[in-house]
Amino acid sequence: MISIYAPASIGNFCVGFDSLGAALAPIDGTLLGDVVHLEHADNDAFFCVGPYAEKLPKSAQENLAYQCLVHFREHVASDMPSVSLTLEKRLPIGSGLGSSACSVVATFTALNEFAQTKLSQEALIELMADFEGKVSGARHYDNITPCYLGGLQLTSHLVPNKAISVPVSEDWHYVAAFPGFALNTAKARGVLPVSLSNHDAVEFAQRLASYCLLMQVGRFDEALELMEDKLAEPYRQSLIAGFSEAKSALPKLGAEIVSISGAGPTLFTICKSLAAAEHCQQWLEKNYINAHGFSHICKLDNRGTRAISLGV
Ligand SMILES: Nc1ncnc2c1ncn2[C@@H]1O[C@H](COP(=O)(O)OP(=O)(O)OP(=O)(O)O)[C@@H](O)[C@H]1O
Ligand SMILES: N[C@@H](CCO)C(=O)O
């Protein structure tokens, strides 16, 4: 049996719409992501289990993990032995935590290992991005590559090998708060303007370039000062009940940054101490999260998608 875990991720990472993403590791050791289990079988079979399995379409054909299996068998490894694939769906759908990316990345990573196909990193990432793009309404890599490779990734079709790892401050703690309702990524993309003014496009490029270079040389406090999302947040915040209130309340409790994770509705903060992260989490648990939501204090997951032992 092969069991592959793929972690949740923050797309956009505030200053890098469709271009910068970070993988999350809750500090209490919770597995915040999907797991795919593969084992030999007489015929190909697919199962979907886990806390969020019921939220997915009943038909296997509509499940991304099954679609990845069918594609892999037909186009990548037709001689692969028959396999039973179980998706353990542990992330909520439409959460802004890269839920579809988790399923796709875990499935292709597991199949690549099971069939010993040894696809290159770039070929695998392209395959993963194709499938994630099917549901989000656009082809973007900012959940796929951090989920697959871990850490904070600058990522796009222009980037060599599709991703370059960006260093982060060891002091940073991230609070990720899923409010308990879904927001469809395609819908959240639909509210964005279709074009940018010359001024806004130049400012976006200047901000992202400066941010990445400051991070690269360890000038983290100056990088933090640049963390403002002028491209997506102003248009998406009205889709997320409670976001504006959180954005004004949390800096007083020690949050350096409050922004939308991916397309939302998950909100994330960056705090420079565990104590500040705990204060923010308490506020979010009380004011932002309903009975179906959750929050985690996280560091970045630097390992990315990996084999795990059962029971871990
Ligand atoms: N294994 C799967 N995991 C997640 N979504 C799936 C899966 N299979 C099919 N889907 C469908 O894909 C769509 C995913 O929606 P969406 O892109 O909004 O979610 P998401 O990936 O959680 O978003 P985000 O990337 O912002 O976290 C839903 O319609 C869902 O039913
Ligand atoms: N960059 C994507 C991430 C989706 O999770 C978006 O913001 O639409």
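Which side chain makes a polar contact with the side chain of Ser259? I will come to that in a moment, after a word on conventions.

What we have here is a predicted model, in which local features need pLDDT of at least 70 and side-chain atom pairs count only at pLDDT 80 or more, while totals for chains, interfaces and linings use all residues. Residues are numbered from 1 along each chain as its sequence is written, chains are lettered from A and ligands numbered from 1 in the order in which they are written, and side-chain values use heavy atoms, with hydrogens and water left out.

Back to the opening question: the partner is Glu233, whose side chain is 3.2 Å from that of Ser259 in a polar contact, a term that stands for a pair of N or O atoms within 3.5 Å, where, within protein, one must be able to donate a hydrogen and the other to accept it, and residues adjacent in sequence count only if both atoms are side-chain atoms. Ser259 belongs to strand β10, residues 255-260; strands here are DSSP runs of E with at least two residues, and helices are runs of H or I with at least four, numbered from the N terminus. Ser259 counts as buried because its relative accessible area is 0%, the limits being under 20% for buried, over 50% for exposed and partly exposed in between, with a 1.4 Å probe and protein chains only. Leaving aside neighbours within four places in sequence, Ser259 is in contact with Cys14, Asp229, Glu233, Phe243, Leu267 and Phe268, contact meaning heavy atoms within 4.5 Å.

On one pairing, β10 and β11 run antiparallel and are joined by 5 bridges, with Ile257 standing as bridge partner to Ile270; two strands are said to pair if DSSP finds at least two bridges between them. On another, β9 (residues 173-178) pairs with β11 in the antiparallel sense, over 5 bridges, and Ala176 has Phe268 as its bridge partner. The hairpin of β10 and β11 has 6 residues between the strands, and Gly262 there takes a positive phi near 55°.

Gly262 also leads us to ligand 2, since it is among the residues surrounding that ligand, together with others including Asn12, Phe17, His140 and Ala263; a residue is counted as near a molecule if one of its heavy atoms lies within 4 Å of it. In the side chain of Asp18, an N or O atom is 2.6 Å from a nitrogen atom of ligand 2, whereas the side chain of Arg189 has an N or O atom 2.6 Å from an oxygen atom of the ligand. Arg236 places a polar side-chain atom 2.8 Å from an oxygen atom of ligand 2. Of the 260 Å² of accessible area that ligand 2 has on its own, the protein covers 98%, as computed by the Shrake-Rupley method with a 1.4 Å probe, where for residues only the protein chains shown count as cover.

Now ligand 1, which is surrounded by 22 residues, the closest being Leu64, Gly94, Gly98, Ser100 and Thr185. A nitrogen atom of ligand 1 lies 2.9 Å from a backbone N or O atom of Leu64, and a polar backbone atom of Thr185 is 2.7 Å from an oxygen atom of the ligand. Ligand 1 taken alone exposes 620 Å², of which the protein buries 90%.

Leu64 is also one of the buried residues of helix α1, residues 64-76, along with Ala65, Cys68, Leu69, Phe72 and Arg73. An α-helix has 3.6 residues a turn, so residues three or four places apart point the same way. The buried residues of α1 pack against β5 (45-49), β6 (83-88), α2 (99-114) and α3 (121-136).

Finally, the open sheet: 5 strands in the order β5-β6-β4-β1-β13, with mixed pairing. Its edge strands are β5 and β13 (306-307), each pairing on one side only. Within the sheet, β1 (residues 2-7) and β4 (residues 33-40) run antiparallel and are joined by 6 bridges, and Ala6 stands opposite Asp34 in β4.
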